Amino acid sequence: MRVSKHRRAWTLILFTLFKLWLAGSICFILSRATPGDPLEQYLGYPAENRYIGENAEWEKELRSYRSKYHLDRPLFYFSIQFRYPEFITELPSDKIQNHLKKFFYVYRNESQVSAYFQLLLQLKQEISSINNQSAKNILGSKWSDVIQSGEVQSAQQEMNALITQINEKSNKNYQSVSWKRENNTSLTFLMPQFHWHGLNNQYHHWMTDALTGKWGKSLRDGEAVASKIIPALGWTLSINLPALLLALILGIFTGLRAGLRPHSGKFSRYLSLIFFALPVYALGTLLIQLFTKAGWLPIFSSVVRPPSEVAPWEFWRYYTLPILCLTAGVWAFIHQQLSTQVEKTHSAPFVSAAYFRGVKDSVVKWRYIFPNSIFPLITSLTI
């Protein structure tokens, strides 16, 4: 029996660690998959203008920030990708890289793709030299549309239309690249290749820093991230821990009662179903409308009234609504889980045998039924 309990405990611990790792990995994937580059936004220089070398200092600063935050390294421990010409992979812009990779994959001709890239830069310079601001904005937008085209054929059509318009505005004679597919390209360019990057990758550094508490500094104001999280975590725990404790006390009491007396516990079951189905924000809105409009309880706001101006004996009035709001949903979950499990355990043979031996009702409830019903709830509460 002891071996079984220890094995369950270790299984619970390992499963919890696995869920924490999985949640962290999902956060990493979402942060990298989100469109846009936070460093480009932070430095505040238009991304399209740096492709033609108009601001070398900005590009140097961007590379420095990428190196500082490990964003210049591979994404994961390994990657499976096609081999592309070196000049494409060394470009600072992922958008331009992906655009040129599409052309190379279709035509497999490095010299033509290089000529196409040089033409893109020349057109961008030509657009920048136009004096008419409205025409410059329109042509610049169309130049960006070429880069963002989803297919090679549509990009070629938009490119030809852009060349025609620029030639009319500037009296130049730019010619589109004469594309021809190279069928003699080495197979190494066409076959996906496995690349092992080792520990020097973004995911490893991100996970290591997260586990060791090296969360860096905020790009907004330069302050340490930990100095922002810890105060906010204090307020969060001061609300969530009392709510969890209150939900446990109420949930155990009502769950045991509803499980032992199914007929008399119907009201609490219906109430728990309502609270379980009701979103927290909806319940919070109802509580605000009910209690604050009548002036019975205030809404806590660190903007309207800072915590330093609130007397200690007044805090309970500000904490009541958020604690009740969070308690309702957790209590409903505990009540549903425990009442169902207690009802099953109450009809088990070992409980009937205990009653047959004359064991007191309170002893059966707290030493036989409750311990055997609470374990699935503990497993669920780790979420």
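Contact, in what follows, means heavy atoms within 4.5 Å. This is a predicted model, where local features need pLDDT of at least 70 and side-chain atom pairs count only at pLDDT 80 or more, while totals for chains, interfaces and linings use all residues. Residues are numbered from 1 along each chain as its sequence is written, and side-chain values use heavy atoms, with hydrogens and water left out.

The protein chain has 15 helices and 2 strands. Helices (H or I, at least four residues) and strands (E, at least two) are DSSP runs, numbered from the N terminus. Buried residues are 32% of the 383 in the chain; buried is under 20% relative accessible area, exposed is over 50%, and partly exposed is in between, with a 1.4 Å probe and protein chains only. Of the contacts between residues at least 6 apart in sequence, 69% join residues at least 24 apart.

Start with helix 7. Its 15 residues should span 21 Å at 1.5 Å a residue, and the end C-alpha atoms are 21 Å apart, which agrees. The expected span here is 1.5 Å times one less than the number of residues. Buried in helix 7 are Ala135, Leu139, Gly140, Trp143, Ser144, Val146 and Ile147. What do the buried residues of helix 7 pack against? They pack against helix 5, helix 6 and helix 8.

That brings us to the largest nonpolar core, which has 31 residues. By nonpolar core I mean a set of buried Ala, Val, Leu, Ile, Met, Phe, Trp, Tyr and Cys residues joined through side-chain atoms within 4.5 Å. The members touching the most others are Leu100, Phe103, Tyr116, Leu123, Trp143 and Met159. Two or more residues each come from helix 5 (94–107), helix 6 (110–128), helix 7 (133–147) and helix 8 (152–170). Helix 6 contributes the most, 8 residues. Methionine 159, leaving aside neighbours within four places in sequence, contacts Tyr116, Leu119, Leu120, Leu123 and Val146. Another core lies apart from this one; it has 14 residues, including Ala332, Ile334, Val342 and Val364.

Now the surface. Phe15, Phe18, Trp21, Leu22, Ile26 and Leu30 make a nonpolar patch with about 590 Å² of accessible area together. Patches take residues with over 30% relative accessible area and no salt bridge, joining like charges within 9 Å and nonpolar side chains (Val, Leu, Ile, Met, Phe, Trp, Tyr) within 5 Å. Areas are from the Shrake-Rupley method with a 1.4 Å probe, and for residues only the protein chains shown count as cover. Phenylalanine 18 is in helix 1 (residues 2–33) and counts as partly exposed because its relative accessibility is 41%.

Last, the salt bridges, of which the structure holds 5. The criterion is a side-chain nitrogen of Lys or Arg within 4 Å of a carboxyl oxygen of Asp or Glu. Glutamate 126 and lysine 172 meet in one, at 3.2 Å, N to O. This pair links distant parts of the chain, 46 residues apart: glutamate 126 is in helix 6, and lysine 172 is in the loop between helix 8 and strand 2 (193–196). Glutamate 126 is buried at 10% relative accessible area, whereas lysine 172 is partly exposed at 40%. Aspartate 72 and arginine 73 form another, at 3.7 Å, N to O. Finally, Asp221, Glu223 and Lys228 are linked in a salt-bridge network, in which the closest N and O atoms of glutamate 223 and lysine 228 are 3.9 Å apart.
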